[in-house]
Amino acid sequence: MSLKVAAHADRPVAVVRERPEAAEDAGVVVGVRDERDEEAVRFALIEAARRRTALRVVHAWTPVVWAGELAPPPELREEEQHRHRVLLSRAARPAAEYPHVRVETDLVADSPAAALVEVSQRATLVVLPRHPAEGRFGLRLGSVTHAVLHHARCPVAVVPTR
């Protein structure tokens, strides 16, 4: 039922499962895909401020495999990482509106779902954007959101974006 609500709601939805208490220093985490995720970042900033904790903005991507090799040439790796770093800084722009919230950014070259499930072990809340469904049937949740909802070790808030 929670997946269906998260997939169709027109406002943020929190999915809470039983779990052990979070560490005292655990903060709020928001996963971002691109600059369209500013609404999710703002929601996460409000939650971090309300909880008087830090916000960690995480952007993870699966590195490109180049010509069948696992490791592309260094200059291509650096270029790819630079593109993702720029994307992360653009997505985190709303942080300037909340100077009292300590914000950290985290760029991770890994499966986005795996990276967010991992950080959920040390978070009080994970916030994820839900992009408009484009030709999707069924639940209209992306694979990352679906996986995190199933495997996160803390509550997950799904925020619809425009």
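Student: How do you know that Ser 120 is found in a helix?

Tutor: Ser 120 belongs to α4, residues 112-120; helices are DSSP runs of H or I with at least four residues, strands runs of E with at least two, numbered from the N terminus. The model is predicted, so local features need pLDDT of at least 70 and side-chain atom pairs pLDDT 80 or more, while totals for chains, interfaces and linings use all residues. Residues are numbered from 1 along each chain as its sequence is written, and side-chain values use heavy atoms, without hydrogens and water.

Student: Why is Ser 120 called buried?

Tutor: Its relative accessible area is 0%, and buried means under 20% (exposed is over 50%, partly exposed in between; 1.4 Å probe, protein chains only). Ser 120 is therefore buried.

Student: Which backbone atoms does the side chain of Ser 120 reach?

Tutor: The side chain of Ser 120 reaches the backbone oxygen of Val 117 at 2.6 Å and the backbone nitrogen of Arg 153 at 2.9 Å.

Student: What makes β1 and β4 edge strands?

Tutor: Six strands form an open, mixed sheet in the order β1-β6-β5-β2-β3-β4. β1 (13-15) and β4 (103-109) each have a single partner strand, so one side of each lacks a neighbour in the sheet.

Student: How do you know that β2 pairs with β5?

Tutor: Pairing requires at least two DSSP bridges between two strands; four join β2 (residues 27-31) to β5 (residues 123-130), and the two run parallel. Val 30 has Val 127 in β5 as its bridge partner.

Notes. Polar contact = N/O pair within 3.5 Å; in protein donor to acceptor, adjacent residues only side chain to side chain.
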